[in-house]
Amino acid sequence: MRVTSNSFPTALINQLGDLTTRQAKLQNQAATGQRIQLPEDDPKAMRRVLDMQTEARSIDQYQRNIERQQEAATASYTVMKSLKTISDRANEIATLADGLDSPQQLAIYANEVTELIKHGIQLVNTTHRGDYLFGGTRNNTAPFVASYSDDGQVTSVVYAGNDSLPESEIGDNVKSSGHTLGENNSGSGPRGLITDSRSGADLFAHLISLQNHLRAGDTNAVANTDRAALQRDEENLIYHYGLNGATQSRLDVTLSLLKERNFSLSSEVSKEVDADLAQTLVRLNETQNAYQAALQSGGSILGMSLLDYMR
Amino acid sequence: MLGLFGTLNMGSRSLSTQRTGIELAGHNMANANNPAYSRQRVSVETAGAFATTQGIQGTGADVGAIKRIRNELLDDQIAREGSVSGSLLAQQQALKYAQANLGQQIDRLATGAEGSAAANGTGTQHGIAEALADMFNSFQSLSTQPTSEVERKIVLDKGASLANRFNQTDQRLSALRSSLDSNLEVDAKSANTIMSEVARLNDRISTAELLSEGTANDLRDARTAKLEELAALVKFEVSEGDGGAVNISIDGTIMVSGSQTLDQIETYDAGGGQMMLRAKNSTSPLNVMGGSLHGIITARDGEIAELQTDLRALAGLLITEVNAIHANGYGLDGSSGNPFFTGNDASDIQVNRTLVDDPRLLQASGEAGVTGDNSVIVGMAQLQTKQQAGLDGQTFSQRYTQIVASLGESISEVNFQVVDQGVVEKMLKGQRDSISGVSLDEEMTDLIKYQKAFEASARLITTVDEMLDTVVNLIR
């Protein structure tokens, strides 16, 4: 093939252009550590990565949801522990009252029970992040409202919440809740902590009954009715202890699985996106060598012509 | 027999012939870096012979013709491939603008707005994908505490951020289509200018070739270069005219005939602000098949229009679906009836201003007065994983990533075609250069060759002169 004066410079310019483009691409890959950045780099991989990143962001949110539920479960557990103390003391008083016939002594116990009820109401009206913990989804008002007699005794406690648990998602279409209902007399759904028709628990009603029987000196009623009723409340509380533990355990396991899934996604994204740094740097080095060789050989050939040998 | 005076005359003609060779070598060397130029060669022919008693005797040499060394087949091929390249390059440029306008890229090193993406190690997405995921996540976050005004504010901010990205992308794509219309007009004007120049060159070539024998090499070179420039803008058909002229027609409409420019390309509004091409005089639409004009129209009405339509449809369905669920909800004050999004598609999607002004009105609850109920906001969050019949069974995110991947495929395909086309063009131009390009080494060699012949011819004249002196001095 005939090589003219412009054939060589044109070819050299093309070769240098190709090598510069390749160097720029490899340098960019080395600097960012990424094989692909834009849709045009690898459209199919881009699609897979975007889908995986969207999933990873959802998983992040599910993790935050779980953390919120764990907060609620922990706060609920703290209340349950205090309620258990109240229940224990009430059972103790009911047992102690069995052998007493002094009205003054019984009145002292009655006053203590009144205080236990007030303390219990205060506990179940606990708020977390501004919302009442035990009111179900009707959580903007205190779920347990007490009525008092003129002499300060608790006459009744009414539940103002509802029997719907505030659930949120911890996975695609998987709902969970760290909350506990204060009352559920519907006979279905999650059990109520204070009042539950299926277990026969009604802690405040039973405490009020104990308070009234103590004040009236009716130790028979205390022994025959209140102690059995309080026992059911105690069992209900223990049931919720267990349920709360199971919920927290489930949330822990789910959180752990989500973290594993995120780690797995990170690896998969890395496989799609990340450049093999060793390979990239070797190729960059090869390209730089080729560029230097092209410049050097081009420079030496371009500088020579027949003119150098003519006088 | 020539005789001494005949020989003297032959020497004089030879001097003139060699001088022409030297002049042409100089012309070639002067144009060595002119890309439109094809090297020229002097054709030296023996001068007329005459009969003698000893046989036919020659009388030296004359310049027969000055020819340009050119392969017309290669020129045609290069012009044809130039049309393909022009179209592909215009498409590549337009689609890359669209890709930039979409603003979708993967960044493994950057942190997201909440640092969450950095924490999970998958990197950030930027663009609408990130905003879409953020909005659904904010719905999820609100579902954990539906009464929180802070969470409500975040939901509305994320919704507004997504709406802004849809708006900006749509505006950018509209602006891109509008600027492609401007490019169409500019390229059409350039094509008209080139066609006028070809007509002028046709005129000059006809005149030059009429007045003298041979071809107007330099003018023909200039015309070939103009035709190649025109091919990069629009594909045309060329035919030989009278007197060395060429005629140009586009999509069957004759634009240039000899020295006359019969018609020109103009842009017109084909309806809905869509600029198309037609012949100025005949007003018939031109269906151009190559060149940048073709590339601009293909990219504008193809992938870019599709991208904008798809994004609008995606945003439109998002508005409908989110609002349909939101409509069943109640705000913290028990109010209902406020849409979450206003607008119809990506061009005008906005978060309802009423909600922005009072986040308490966001209808997250499914029961009036029950503020802790989150059934509506959970339903809105679940849209993220819901397969939509209107999106061929894909979720919103999946549909968006498909749109991105589709654009990426188009650019990737055009990139490959541009590279392939570049190889073809380089090979063809390399072949042409090997035939028509100037070699300085060859020209220097010719220079020496003609210089030596010139010296020899001068020596012949000197010798004949001395012989004439001898003859004149025979008798004293």
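Q: What share of the chain B contacts with a separation of 6 or more is between residues 24 or more positions apart?
A: It is 68%. Two residues are in contact if their C-beta atoms, placed from the backbone, lie within 7 Å.

Q: What kind of model is this, and how are things numbered?
A: This is a predicted model: local features need pLDDT of at least 70, side-chain atom pairs count only at pLDDT 80 or more, and totals for chains, interfaces and linings use all residues. Residues are numbered from 1 along each chain as its sequence is written, and chains are lettered from A and ligands numbered from 1 in the order in which they are written.

Q: How many helices and strands in chain B?
A: Chain B has 11 helices and 12 strands. Helices (H or I, at least four residues) and strands (E, at least two) are DSSP runs, numbered from the N terminus.

Q: Is chain B spread out or a compact globule?
A: Spread out. Its radius of gyration is 38 Å, well over the 23 Å from the globule rule for 476 residues, so chain B is more spread out than a compact globule. The radius is taken over C-alpha atoms, and the rule is 2.2 Å times the number of residues to the power 0.38. Along the principal axes, the C-alpha trace of chain B spans about 145 × 50 × 35 Å.

Q: How much of chain B is buried?
A: Buried residues make up 43% of its 476 residues. A residue is buried if 20 or more other C-beta atoms lie within 10 Å of its own, exposed if 12 or fewer, and partly exposed in between, with C-beta atoms placed from the backbone.

Q: Now H4(B) and H10(B). At what angle do their axes cross?
A: Roughly 175°, and the axes come within 10 Å. H4 covers residues 127-144 of chain B, and H10 covers residues 396-436. Axes are lines fitted to C-alpha atoms, for helices over the stretch in contact, with angles from 0 to 180 degrees between N-to-C directions.

Q: Parallel or antiparallel?
A: That angle makes H4(B) roughly antiparallel to H10(B). Angles under 35 degrees count as roughly parallel, over 145 as roughly antiparallel, 65 to 115 as roughly perpendicular and the rest as oblique.

Q: Which residues meet there?
A: From H4(B), B:Ile128, B:Ala129, B:Leu132 and B:Ala133. From H10(B), B:Phe396, B:Ser397, B:Tyr400 and B:Thr401. By class, the residues of this contact are six nonpolar, two polar and no charged. Ala, Val, Leu, Ile, Met, Phe, Trp, Tyr, Cys and Pro count as nonpolar, Asp, Glu, Lys and Arg as charged, and the others, Gly among them, as polar.

Q: How many bridges join E5(B) to E6(B)?
A: Four, and the two strands run antiparallel. B:Val238 has B:Ile248 in E6(B) as its bridge partner.

Q: And the E7-E8-E9 sheet in chain A? What's the pairing?
A: Mixed, in an open sheet of three strands. Strands E7 (181-184) and E9 (201-202) of chain A stand at the edges with a single partner strand each, so one side of each has no neighbour in the sheet. E7(A) and E8(A) pair in the parallel sense over three bridges. E8(A) and E9(A) run antiparallel, joined by two bridges.

Q: Why is E8(A) largely enclosed?
A: Five of the five residues of E8(A) are buried, so the rest of the structure largely encloses this strand.

Conventions:
Pairing = 2+ DSSP bridges.
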